[in-house]
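Please look over the sequence and the model shown below. A short report on the structure comes after them.

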Amino acid sequence: MLRSACSRRLYTLARHVVSGNGQQVYFSSDVNAGQSIRVEPRVALYDDKVDIALSGFSSHEKVTVHGQSVNGEKKILFGSCGQYIADENGFVDVTKQPSHGGTYTGVEPMGIVWSLQPAPGQPQQTRMAINFTNRPGLITLNTYAGHLDLTDIYGESGIQPSSLASIEIERWFRHEDVTRIEIEEGNVRGALFLPPGDGPFQGVIDMFGSSGGLIEYRAALLASRGFAALSLPYFKYKDLPANLLDQGFEYFEEAVNWFSKHPKIYQGGIGVIGVSKGAEYVLCMSAYCPQVTAAVSINGLFNMCIGDLKYKGEVLLKGSEIDLRDEYFTDDGLILTDAYPTRGDLIPIWKGKAKHLMLVSMDDGQVNPESYQVLYDACPEEKKKDIEIVRYPGAGHLLEPPYNALCRASVNRVFGVVMYWGGRPKEHAHAQEDSWQKTLEFLRENIPKTL
């Protein structure tokens, strides 16, 4: 009894200690057994790697690491797990030792994060809601003796096994020193994120797809990496059009004109980044707005779809319609890969001066991955040097910053159907990590730092 009481006191005092290199180390443990989890850093930006290590186990003991996050207003549980074997000293270093099973395998330092998925018994076609910047995403890590999978952990009763050690980690999209400003300038709406300091900063406009509304997390993360980032909605937000087809190109032109003159950003040009439908507008902005010097398009089309692009009431680009004969449903949802015909006006990116980074997921369930090649082939030879196409085998449509969980299918709020996004977990996770680093490097290199 005395030993147990002393151990608890020592554990309480040692829970927050400073390691030899000055970093704070966090432990959580059932001290009667001596097992503990170490996470460095426990609080981190969303795209940061963390080191996870376990200690206090028997030599070569089987142990399971379990991650859990509560998602969205409906409180849906997401879970992940990795199965490890402790070394001769009873230690597991997740950065060096392989997982032998669970929701990921192999040496995957961030596997416990990127392999999160709806837990057994939860709605399976659910996208992990991450549209918040004022609080962290919380993930609880637990350890169990033996090799367990998610079915073992959650079980039919819903009662989880007793954890040997536990800790909560925080994943932030927005650094604490980043400022968020609500934007209502003329017709332009959105949220501007500014890094700490007087600036100027390299400026980036960030857009998402056909779900509509204001989606802020990528802009917040860009600002946390040193960019002034404007999250730009274009329908289904405040007084913006309710319908995707009711927005004209003059809105995007106005946004570029306002943002490129902002006193906090460099005046030599700006970057734009968009995914899916937002990627189409990115290409249009690069073609028709001379201030755009760097454009990142993620799994979009090379021509306008779902209607024409209009400018001041006139058709700027003739759009292509969806051929419903080429759509089909699977058990996972609606697939549109072959539903978009190649007719319709190409977006003439060669008219602008921007350099382009085109990120293409080869397991995309919505956009044919060869779409960008059609646009590339149509470009004049002298402009092709300004286009870089990066293809990712096994990645799905929703290519997001690392280390966000893969969503293979979910309900599109605008169309009211389950859309199949595609992707295989490990390949998709590696693609997100690589594409994010390429995106940051591309924007830093191609947005001029001109006062």
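The model is predicted, so local features need pLDDT of at least 70 and side-chain atom pairs count only at pLDDT 80 or more, while totals for chains, interfaces and linings use all residues. Residues are numbered from 1 along each chain as its sequence is written, and side-chain values use heavy atoms, with hydrogens and water left out.

**Overall make-up**

The protein has 9 helices and 25 strands. Helices (H or I, at least four residues) and strands (E, at least two) are DSSP runs, numbered from the N terminus. Of the 451 residues in the protein, 55% are buried; buried means under 20% relative accessible area, exposed over 50%, and partly exposed in between, with a 1.4 Å probe and protein chains only. Among contacts with a separation of 6 or more, 68% are between residues 24 or more positions apart, where contact means heavy atoms within 4.5 Å.

**Strand pairing**

Strands of a sheet pair through backbone hydrogen bonds, either parallel or antiparallel. Here two strands count as paired if DSSP finds at least two bridges between them.

Strand 17 (residues 292-298) has 7 of its 7 residues buried. Strand 17 pairs with strand 16 and also with strand 22. The bridge partner of Gly 274 in strand 17 is Ser 297, and Val 296 stands opposite Leu 357 in strand 22. The three pairings are set out here.

| Strand pair | Sense | Bridges |
|---|---|---|
| Strand 16 (residues 270-275) and strand 17 | parallel | 6 bridges |
| Strand 17 and strand 22 (residues 355-361) | parallel | 5 bridges |

Strand 16, helix 6 (residues 277-288) and strand 17 form a right-handed β-α-β unit. Right-handed means that, with the strands pointing away from the viewer, the path from the first strand over the helix to the second runs clockwise.

**A buried histidine**

His 356 belongs to strand 22. His 356 is buried, with a relative accessible area of 3%. Its side chain reaches the backbone oxygen of Ala 354 at 3.4 Å. Beyond its neighbours within four places in sequence, His 356 is in contact with several residues, including Leu 283, Ser 286, Ala 295 and Phe 442.

**The largest pocket**

The largest pocket holds about 1100 Å³ of space. A pocket is an open set of points on a 1 Å grid over the protein atoms alone where a 1.4 Å probe fits, with protein on both sides within 12 Å along at least five of seven lines; lining residues have an atom within 4 Å of a point. Its volume is the space filled by probe spheres set on the points, which are joined across faces, edges and corners. Among the 47 lining residues, Arg 127, Ser 211, Ser 410, Val 411 and Arg 413 are the closest to the centre. Helix 4 (217-224), helix 6 and strand 24 (409-412) each give two or more residues to the lining, and strand 24 supplies the largest share, 3 residues.

Helix 4 has 8 of its 8 residues buried. After helix 4 comes Gly 226, with a positive phi near 105 degrees.

Conventions:
A polar contact is a pair of N or O atoms within 3.5 Å; within protein, one must be able to donate a hydrogen and the other to accept it, and residues adjacent in sequence count only if both atoms are side-chain atoms.
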